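Here is a walk through a two-chain model, written for someone who likes to know the cut-offs behind each term. Have the viewer open while you read.

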Amino acid sequence: MDDDRDVRHTYKGRIFGKSVLEATFRSFYGTDLFLGELLAAEDLERARRFLFRVIQVTYGSDSSDPGWAERTAGAFMSGDAAGAPYELHDPEQRLYKVATCQPLGYIDAAGGFRKPKSLPAQFARVTSPTADDFAFLRERMGDLGIGVLRSGEDTIDLEVGIRGDTLTSHVGVFATTGMGKSNLMKVLAGQILASRGRYAILTFDPHGEYLEGGSGLRRGLREHPWAAERLRVYATRASGAGATALRLSLAELTQGDLQTAYQWSHAQEDAIYRAIRAFGDEWIVEIGEALDAADLAEQLGVATSTMQVLQRRAQRILDMPCVSRDPSQPSLAGRIVDELMDGYSVLVDTSGLSSMEEILVASVITRRVLDAYGQLYLEDRERFAALPPTLIALEEAQRVLSKAQRGDENVFPRVAREGRKFKVGLCAVSQQPKLIDDELLSQFNTFFVLGLADEKDRTILRGSSKQDISDLGPEIQTLMPGEAIVTNLEAPFALPAQIYLYEDYLKSVSGPSPLPPIPQDAAEGFVD
Amino acid sequence: MRPPRTGVGARSRCSVLSERTGILGPMPTGAPPQPPGPLDELVGADRVVAGRIDQAADYVVRLLRDPASEIRVVGGQLELGDDLVVPGHPDDIELRAIEPCDPGRVWAIDGGSCVVADGRAFQVAAFRAARVRFDRGSTDLVDAPPLEIRAVSGALVRDAAREALTDLLGHEPDAMPDLPRPVDAFREWGEWRRVLDAIAEAVTGDLVLVDGSLHGGPLVPPAVVRRAHDEAQDRGVSLAGVVKASTLYWGRNAPLVTLLKRRADRELGPVRWAGRISNDPVFGRLYIGDIFVAHLAPTAPYAFRVDVAHGPAPADEVLGRLAGLGSDPAFVGYPYPLARAHQAARVTGYGVADLRRAFRGALSRHGLSDDDIEVLFQDFHEVLNRS
């Protein structure tokens with residue numbers, strides 16, 4: 001009996017068409033088929049095992065009348081209306097399901113995986129895949145596991161992840177709110193943390209949820225077994241023990257940082273040029289502390305209203321607790337760069353800052369990282385070779401990667417374009433990928449696509465993904481929290497994944513080995 | 001000297017022949033086609049003699065309105081002779097509610113057939129009779145045997161008929177039916193063979209359903225029906241027949257089932273009902289049970305003639321079981337097992353094409369040339385319809 005159930009659970013149906021790039025198979029009426037479900041078909045004629053992904057499921061019947069189903073539904077409704085509910089007898093014998101599948105490829109007789117270029121045998125038997133069917137993926141899954149392979153609503157015992165050295169070719173994490181972005185980011189950051197210096201990550205945490213876990217029972221990176229040894233935390237406000245107060249020097253702020261963080265009109269940009277010409281590096285202080293904006297405007301030959309905007313923004317910057325105007329106070333940006341170079345994970349808690357201020361801080365530090373890594377690339381290849389691939393993670397990345405933000409002074413597009421060469425990758429977290437410059441998006445080799453409701457968001461990702469995800473629109477639309485599609489150059493096809501729940505993941509991580517206990521008589525021996 | 005084969009002389013001879021004999025007549029030149037005359041009317045793209053559609057409609061309406069004062073069972077049956085005619089009026093037939101009940105275990109038999117080749121003087125027929133068993137809400141047996149293929153001509157038909165009827169009756173038949181369409185006869189005999197088999201396999205309380213009337217029709221001797229009835233009674237099995245194309249009429253031509261359905265729609269609305277037709281004592285003498293017109297589901301678009309044999313269960317109970325079987329939304333008001341039996345027995349259009357192709361192959365293997373096969377299968381209607 002159990003065997004029968006197992007067979008029924010495994011056996012899904014028979015293929016009946018239809019092309020190399022799209023397969024259809026008939027399944028039992030009672031068989032539950034899910035979008036994104038992975039299936040296998042045995043082609044005994046050619047000793048190949050084809051792998052498929054379900055992209056659509058419909059009903060079928062053996063009736064030759066194309067209007068049968070509609071009419072039967074109408075008959076049901078008539079019965080309901082007349083108070084005589086009808087009952088479809090033998091549904092399993094009269095109805096069935098038709099699944100449309102995207103062929104993923106096939107495993108040849110030698111066990112090698114090949115892209116789909118031929119048809120599976122007509123009427124080939126379709127079954128659930130086994131972990132062995134995806135064994136070829138193991139070596140491509142990399143050392144930063146983030147979940148397990150998902151097949152519809154089930155999972156397959158195969159860890160899905162990415163190679164750490166691909167972090168520098170940029171990572172995109174895209175999802176609507178509540179679909180698991182933060183959880184995924186914590187798992188990814190946790191894996192980098194657990195790599196013990198092989199890789200490094202700089203995370204800007206605008207809500208403190210990466211560090212503390214957010215609300216309720218959620219846990220954060222602070223509770224990671226390797227946090228004490230390998231996590232460095234900076235906070236722009238008092239953040240309790242374990243965090244260093246972030247301090248940046250006013251002199252570090254470049255015009256590019258300001259242009260990245262704020263939207264400036266041409267008149268305002270012109271006013272900044274004039275102020276720099278007049279006051280040099282002290283221009284922010286001069287403007288921020290000027291008693292009369294009108295006088296200053298007249299002095300610089302700009303409109304008073306323009307000067308008032310500049311002054312408000314300068315004052316906000318001067319008021320930021322993490323910005324020091326005292327040149328004797330060294331910036332901690334250099335220390336952050338050093339820690340990253342040493343393979344530490346660095347988290348900058350920017351909670352409390354406005355969106356623009358957060359970008360300003362991220363821009364300053366990112367610029368320092370990119371410049372430092374770039375400098376080593378040019379001047380010390382040996383030391384550069386020892387640098388860990390470093391990922392810079394930024395929430396709501398569309399703020400700095402949109403077409404409107406394309407200016408040469410913006411450091412983030414620079415990281416996207418040039419960072420790979422310098423071992424610096426960008427991790428763009430966004431719920432609106434449609435706002436990201438598609439040219440920049442195409443620089444991202446790894447996508448983690450979680451549930452995305454907006455068709456425009458899915459469309460932009462289709463165009464930039466390293467695997468064809470054009471058939472996966474319905475699946476992406478119906479992804480549940482924690483379910484993801486992973487695309488990168490290493491995977492042979494877009495991989496459906498179930499992301500580890502960070503709290504579960506933590507249980508599987510073993511931290512640093514404790515020191516061995518001191519032998520009981522060790523001290524005595526010395527005394528003797 | 002021989003006349004030149006080509007040239008002016010030859011051309012002029014052809015012209016003269018045509019003009020002189022006038023067989024073809026002069027080619028019409030320039031005259032446009034005539035519009036429809038005043039007596040014709042255009043229906044779609046074709047012309048119809050004016051008024052004919054209305055005349056036909058008027059005839060049908062009058063026919064249905066008040067055709068006669070008797071109920072007629074047309075088609076009779078072998079050995080019965082003329083139609084059965086009894087006094088009656090559709091409005092006088094009592095329509096009673098049917099209470100659906102658990103159908104229990106039900107067997108259903110239906111046949112399917114087709115003509116593989118028709119050489120006028122002979123036919124090659126394919127047929128089978130299928131049976132299904134419905135138990136506890138689902139079909140647990142579908143027995144669709146392989147198609148039987150028979151080549152029959154005049155003499156062969158009689159031999160084959162005698163053989164089949166002897167099997168059904170248990171003895172040589174006293175009389176042989178006329179067999180204008182042998183394929184129908186083979187199918188019906190096959191169905192009754194399966195009915196007898198089903199009754200033999202059924203257990204007490206089962207219901208065996210036949211596609212068609214329980215009166216056999218012109219091809220099935222009443223003795224076959226009686227045998228089935230006797231065996232069913234012996235085994236405590238109920239027997240019923242459901243007729244899709246009824247031969248019950250009011251008067252000579254008004255279809256009684258349709259008339260009762262319309263009356264019930266007006267008077268009762270969407271309910272299950274049955275009207276007993278076999279109220280006259282003459283039915284009791286001639287038939288093994290009662291004839292009803294039954295509407296087996298509230299919203300069923302059709303009513304059917306239902307024959308219920310006298311048996312272990314009263315007719316009301318059998319009708320209730322049939323109503324319990326008429327609740328499938330794909331076949332509302334028709335007993336579901338009969339629908340399944342029909343599907344199991346039928347020969348689809350693709351099936352017919354496959355059979356014909358296989359038969360042509362067999363003819364070729366048996367030495368008939370391709371040209372002869374072509375002639376054998378040709379049907380000039382196809383040429384006419386294609387051209």
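What follows goes from confidence, through the domains and sheets of each chain, to the contact between the chains.

**Ground rules and confidence**

This is a predicted model, with local features needing pLDDT of at least 70, side-chain atom pairs counted only at pLDDT 80 or more, and totals for chains, interfaces and linings using all residues. Residues are numbered from 1 along each chain as its sequence is written, and chains are lettered from A and ligands numbered from 1 in the order in which they are written.

The predictor puts the complex at an ipTM of 0.73 and a pTM of 0.74.

**Chain A: domains**

The domain bounds come from an automatic or database domain assignment. Chain A gets domain 1 (2-129), domain 2 (157-246 + 332-508) and domain 3 (255-319). The C-alpha centres of domain 2 and domain 3 of chain A are 33 Å apart, and 12 residues of domain 2 of chain A are in contact with seven residues of domain 3 of chain A. On the domain 2 side, helix α14 (residues 355-379) of chain A supplies the largest share, six residues. By class, that domain 2 side has six nonpolar, four polar and two charged residues. In this scheme Ala, Val, Leu, Ile, Met, Phe, Trp, Tyr, Cys and Pro are nonpolar, Asp, Glu, Lys and Arg are charged, and the others, Gly among them, are polar.

**Chain A: the 12-strand sheet**

Helices (H or I, at least four residues) and strands (E, at least two) are DSSP runs, numbered from the N terminus; two strands pair if DSSP finds at least two bridges between them. In chain A, 12 strands make an open sheet with mixed pairing, in the order β9-β8-β21-β20-β19-β10-β18-β17-β11-β16-β12-β13. Why do β9 and β13 of chain A stand at the edges? Each has a single partner strand, so one side of β9 (154-162) and one side of β13 (244-245) is left without a neighbour in the sheet.

Within this sheet, β10 (residues 171-174) and β19 (residues 446-449) of chain A are parallel partners over four bridges, with A:Val171 bridged to A:Thr446. Helix α5 (residues 181-194) of chain A lies across several strands, including β10, β19 and β8 (144-151), and runs at about 135° to β8(A). That angle is between N-to-C directions, from 0 to 180 degrees, with axes fitted to C-alpha atoms, for helices over the stretch in contact.

**Chain B: domains and strands**

Chain B has 12 helices and 16 strands. Of its 387 residues, 36% count as buried, where buried means 20 or more other C-beta atoms within 10 Å of a residue's own, placed from the backbone (12 or fewer is exposed, in between is partly exposed). Among contacts in chain B with a separation of 6 or more, 68% come from residues 24 or more positions apart.

Chain B is split into domain 1 (85-345) and domain 2 (349-386), with C-alpha centres 34 Å apart. Six residues on each side are in contact. On the domain 1 side, β6 (106-118) and β7 (122-135) of chain B each give two or more residues, and β6(B) has the largest share, three residues. That side has five nonpolar, one polar and no charged residues.

One open sheet of chain B has four strands with antiparallel pairing, in the order β4-β3-β12-β13. Its edge strands are β4 (84-87) and β13 (254-255) of chain B, each pairing on one side only. Here are some antiparallel pairs in chain B:

| Strand pair | Bridges | Bridge partners |
|---|---|---|
| β3 (70-73) and β12 (248-250) of chain B | three | B:Ile71 and B:Trp250 |
| β5 (95-97) and β14 (273-276) of chain B | three | B:Ala97 and B:Trp273 |

**Where the chains meet**

How many residues of chain B are in contact with chain A? There are 13, and they touch 14 residues of chain A. The chain B side has seven nonpolar, five polar and one charged residues.

Conventions
Two residues are in contact if their C-beta atoms, placed from the backbone, lie within 7 Å.
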